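Trainee: I've got a model open and I'd like to learn how to read it. Could you walk me through it, one feature at a time?

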Amino acid sequence: MTSRILPPTSPLARVLPATLRLPTRANRPKPALSSWLNHAHRYSTATSPSSKPVLLYTAGTPNGRKVSIYLEELKAQYGLSYDAHRIDIGAGEQKQPWFLALNPNGRIPVLVDRNRPARALPTAGGGGVQEHGFPVFESAAILLYLAEHYDTQRKFAFDVRQRPEAWSEMLQWMFFAHGGIGPMQGQAFHFLKAAPEDIPYAKKRYLDEVKRLYGVLDARLRGREWLAGPGRGEYSIADMNAFPWYVSSVNGHSYVGIETLDEWPNVKAWIEQLSERPAVKAGLQVP
Ligand SMILES: N[C@@H](CCC(=O)N[C@@H](CS)C(=O)NCC(=O)O)C(=O)O
């Protein structure tokens, strides 16, 4: 709770609306410490709907699930608690002005770190300023943010200084999934299932590319358990970032008409192993 109280001298305090700002040294008569704490306490409770440090705006899709899986891993490992708020992407909630203020790209997921009171934020439905914190968008950027700030023992990510090669591999496989499998599978889904006109060339182009990318992942996993790290690899956010795209239950492969993963046995074994983790099971249920 105290982490959300801005000292009057904090540079961050300047970005809050004047009505929410604590007095500065220049404009206040020296109050007793107890008076300042009372003021701060009123401020923090008035603007904090939840005491959980993290808020996730999400939906039941691969990009949302990769973040909820990591949050569940962090909950199991460190006791990190978080709120999950479901965004109705079918109804276009992610294009409303209050959401665009958090993510100008108008897509889930968005994470709000309430431990970093950088600025006052609009809340769901635009109902006045209640949240504040630091918003992060783009699913892979969210995973890296959580690794930096909440995975303090680096249980699920490699440290750039301690293990630079493993860290680079982790980024390579995260970028591979973020720039390749995610957008390509998204386009395949669009042309196969959602496009208003039938364009066979587009359907074939994107489905072929998805299958090629599945093959790349399969080759990487030959003789390995996990995507990044030495030897057979170590479980990390590189795996969490890619995994939901391959899971049928979260609009993964079956959404683009790939009924089985038999063609990619190493991917299949990797999926089965991941699916057994309690945190992965829990993360797949959010929201
Ligand atoms: N590159 C973005 C993609 C986010 C994205 O495409 N989210 C989808 C759900 S998986 C979404 O919000 N779709 C609704 C829309 O496009 O309006 C990320 O990784 O966060």
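Trainee: Let's start with contacts in the protein chain between residues at least 6 apart in sequence: what share of them join residues at least 24 apart?

Mentor: For this, you look at how far apart in sequence the two partners of a contact are. This is a predicted model, by the way. Here, 65% of the contacts between residues at least 6 apart join residues at least 24 apart.

Trainee: And how many helices and strands does the protein chain have?

Mentor: Nine helices and five strands. Reading from the N terminus, you go α-β-α-β-α-β-β-β-α-α-α-α-α-α. As for burial, 36% of the 287 residues in the protein chain are buried.

Trainee: Okay, strands next. Which sides of β3 are covered?

Mentor: With a strand, check each face separately. In β3, residues 110–113, both faces are covered: V110 and V112 are buried on one side, L111 and D113 on the other. Then look for the partner: β3 pairs with β1 (residues 54–58) in the antiparallel sense, over four bridges.

Trainee: Now a helix. Which residues of α8 are buried?

Mentor: For a helix, ask where the buried residues point around the axis. In α8, V267, W270 and L274 are buried. They sit on the same side of α8, because they cover an arc of only 65° around the axis.

Trainee: What do the buried residues of α8 pack against?

Mentor: Three other helices: α6 (200–221), α7 (237–242) and α9 (278–283).

Trainee: I also clicked on Q273. Where is it found?

Mentor: In that helix, α8, which spans residues 265–275.

Trainee: Why is Q273 called partly exposed?

Mentor: You count neighbours. Q273 has 14 other C-beta atoms within 10 Å; a residue needs 20 or more to be buried and 12 or fewer to be exposed, so Q273 falls in between. Also have a look at E225: Q273 is 48 residues away from it in sequence, yet their C-alpha atoms are 8.5 Å apart in space.

Note on methods: Residues numbered from 1 in each chain as written. Predicted model: local features only at pLDDT ≥ 70, side-chain atom pairs only at ≥ 80, totals over all residues. Helix = DSSP H or I, 4+ residues; strand = E, 2+ residues; numbered from the N terminus. Arc of directions from axis to C-beta. Contact = placed C-beta atoms within 7 Å. Pairing = 2+ DSSP bridges.
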